[in-house]
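Here is a short report on local packing in one protein chain.

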Amino acid sequence: MVILRGIFARASRAEIGHPIPSMSERRSRRRSSAAGRRGHTRSRTARAELLFSVSQMECGLWEGHYAQRLSDNAPDYLAAVIQYLTAKILELAVDEADNGGERIITPRMLQMAILNDVLLSTLFRSLHISQVAPGPN
């Protein structure tokens, strides 16, 4: 199945009678906040104080057809979990780089950081990080 973006996505949903509403339809059903009327609108990502986009997580959850109904808090929670996992893996990779005397985090260090942590290794037990082949010397 091809995922269409932008205007084409809205047209294809209308043509096939797609059961999931488009982003504009979902936004129109939301209640307007007092901050929006005063001109101090903040994104959901900024309100949740996250780095990963809450709106993109919501789009991914809707487009993935993981459930027929979706809680308002689900994208916030998913963004927070993914941000935490990313920060944890990068923290362990930095420690791996320091132990090896390196200044650059390589895919190998990411893989070693995951494998050396008990919880992360069980979570990512089927993970394989492909590496770039070394160039000619």
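Thr-45 counts as buried because its relative accessibility is 14%, where buried means under 20% relative accessible area with a 1.4 Å probe, protein chains only. Thr-45 sits in helix 4, residues 44–47. Helices here are DSSP runs of H or I with at least four residues, numbered from the N terminus.

This is a predicted model: local features need pLDDT of at least 70, side-chain atom pairs count only at pLDDT 80 or more, and totals for chains, interfaces and linings use all residues. Residues are numbered from 1 along each chain as its sequence is written, and side-chain values use heavy atoms, with hydrogens and water left out.

The table lists contacts (heavy atoms within 4.5 Å), not counting residues up to four places away in sequence.

| Residue | Touches |
|---|---|
| Thr-45 | Leu-50, Leu-51, Phe-52, Ser-53, Val-54 |
| Ala-113 | Ile-89, Leu-92, Ala-93, Glu-96 |

Thr-45 and Ser-55 lie 10 residues apart in sequence and 7.6 Å apart in space, C-alpha to C-alpha. Ser-53 caps the N-terminal end of helix 5, with a side-chain oxygen 3.5 Å from the backbone nitrogen of Ser-55.

Helix 5 spans residues 54–63, and its buried residues are Val-54, Met-57, Glu-58, Leu-61 and Trp-62. Seen down the helix 5 axis, they fall within an arc of 135°, so they line one face. That arc is taken from the directions from the helix axis to the C-beta atoms. Just after helix 5, His-65 has a positive phi of about 55°.

Terms used: Buried means under 20% relative accessible area, exposed over 50%, partly exposed in between (1.4 Å probe, protein chains only). Helices (H or I, at least four residues) and strands (E, at least two) are DSSP runs, numbered from the N terminus. A polar contact is a pair of N or O atoms within 3.5 Å; within protein, one must be able to donate a hydrogen and the other to accept it, and residues adjacent in sequence count only if both atoms are side-chain atoms.
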